Amino acid sequence: MQINKLYVQAIYRSIFCAISFLGCLLSLEFLQIGYNGTVSFNDDFYVFYTNLSNYLVFVVNAIVLWGTIKKLRAGETRGYNTVIPKLKYCTTIVIFVTFLVFAFVLPDEKYGLTAPLILTSRYWLDLANLCLHMLSPLLFVLDWFLFDKHHQIKVWHPFLTPILPIGYGAYIKIRGVILTAANDGALPTHTTVYPYFFLDSYEKGYGYVFCWWGILALLFLILGYLFWWVDKKGAVK
């Protein structure tokens, strides 16, 4: 079921924009609210896939919200989003993976918690976690499903979905090589070099990392075709 009332879409996206902005703000840890109760600044905020994917979601949602507002100001009352459809489709996959990986794959070494984290109390008691890993991902997926014009995704578009995560992995690796070289071949301790275990070629080796890259690229491709199938089943052409 889709909803074509533009004022409903505008209200939904405005609320979501506020939640997304809060999550982005909390990712900087200027004010860390939740389970650990710490107050600090995260100067490594730009290396985490979670943060970068949420920043992308905020920007895409803001652009789509502005498009909805422009339609309302022009006197339109019904319709579906047609703004940046390919980018929004790819962003939907990117942020859905954020939800899946954190909830079911990643351990929390800082607190000694093992996967799946969604079954732990910290997952539900940390406001930053809820915004970044659950609310923003699921609300964005729901937005795409309910409010976007479907039948716009081509059969080859799922092959675009691994581009962003592969680019992210390359960025982390290049940054890690530079930081390690600048530290006489040792892994620096003053900053986060490899934020996730499956990117840590220093400890795990390149074979391990490339294997995980392949698994994740395949996951993106599978999800890309799953969402392509949903798009083809959508009622709005």
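Predicted model: local features only at pLDDT ≥ 70, side-chain atom pairs only at ≥ 80, totals over all residues.
Helices here are DSSP runs of H or I, at least four residues long, numbered from the N terminus.

Let's begin on the outside. Helix 1, residues 6-27, is the element that gives the most to a nonpolar patch, with 3 residues. The patch lies on the surface and is formed by Tyr 7, Ile 11, Ile 15 and Leu 72, which together have about 390 Å² of accessible area. Ile 15, for one, sits in helix 1.

Now helix 2. Its 25 residues, 49-73, should span 36 Å at 1.5 Å a residue, and the C-alpha atoms at its ends are 36 Å apart, so the two values agree. After helix 2 comes Gly 75, with a positive phi near 95°.

Moving inside, the largest nonpolar core has 33 residues, and the members touching the most others include Tyr 49, Tyr 123, Phe 198 and Phe 227. Two or more residues come from each of helix 3 (85-104), helix 5 (127-147), helix 6 (163-182) and helix 8 (206-233). Helix 3 gives the most, with 10 residues. Take Tyr 49 as an example: leaving out residues up to four places away in sequence, Tyr 49 touches Val 94, Val 97, Thr 98, Tyr 168, Tyr 196 and Phe 220. There is also a second, separate core of 6 residues, with Phe 16, Val 64, Ile 95 and Phe 140 among them.

How many salt bridges does a search of the whole structure find? The search gives 5. In one of them, Asp 143 meets Arg 13 at 2.8 Å, N to O. That pair links distant parts of the chain, with Asp 143 in helix 5 and Arg 13 in helix 1, 130 residues apart.

Are these two residues buried or exposed? The cut-off for buried is under 20% relative accessible area. Asp 143 is at 0%, so it counts as buried, and Arg 13 is also buried, at 0%.

Arg 13 has another partner, Asp 148, with the closest N and O atoms 3.7 Å apart. Asp 148 is in the loop between helix 5 and helix 6, 135 residues from Arg 13. At 2% relative accessibility, Asp 148 is buried too.

Finally, Lys 88 and Asp 143 form a salt bridge at 2.2 Å, N to O. Lys 88 is in helix 3 and Asp 143 in helix 5, so this pair ties together parts 55 residues apart in sequence. Lys 88 is buried, at 1%. Through shared partners, Arg 13, Lys 88, Asp 143 and Asp 148 join into one network.

Conventions
Residues numbered from 1 in each chain as written. Heavy atoms only, no water. Core = buried A, V, L, I, M, F, W, Y, C linked by side-chain atoms within 4.5 Å. Buried < 20%, exposed > 50% of the residue type's maximum accessible area, 1.4 Å probe, protein only. Contact = heavy atoms within 4.5 Å. Patch = residues over 30% accessible without salt bridge, like charges linked within 9 Å, V, L, I, M, F, W, Y side chains within 5 Å. Areas by Shrake-Rupley, 256 points an atom, 1.4 Å probe, with all protein chains shown as cover. Salt bridge = Lys/Arg side-chain N within 4 Å of Asp/Glu carboxyl O. Expected span 1.5 Å × (residues − 1).
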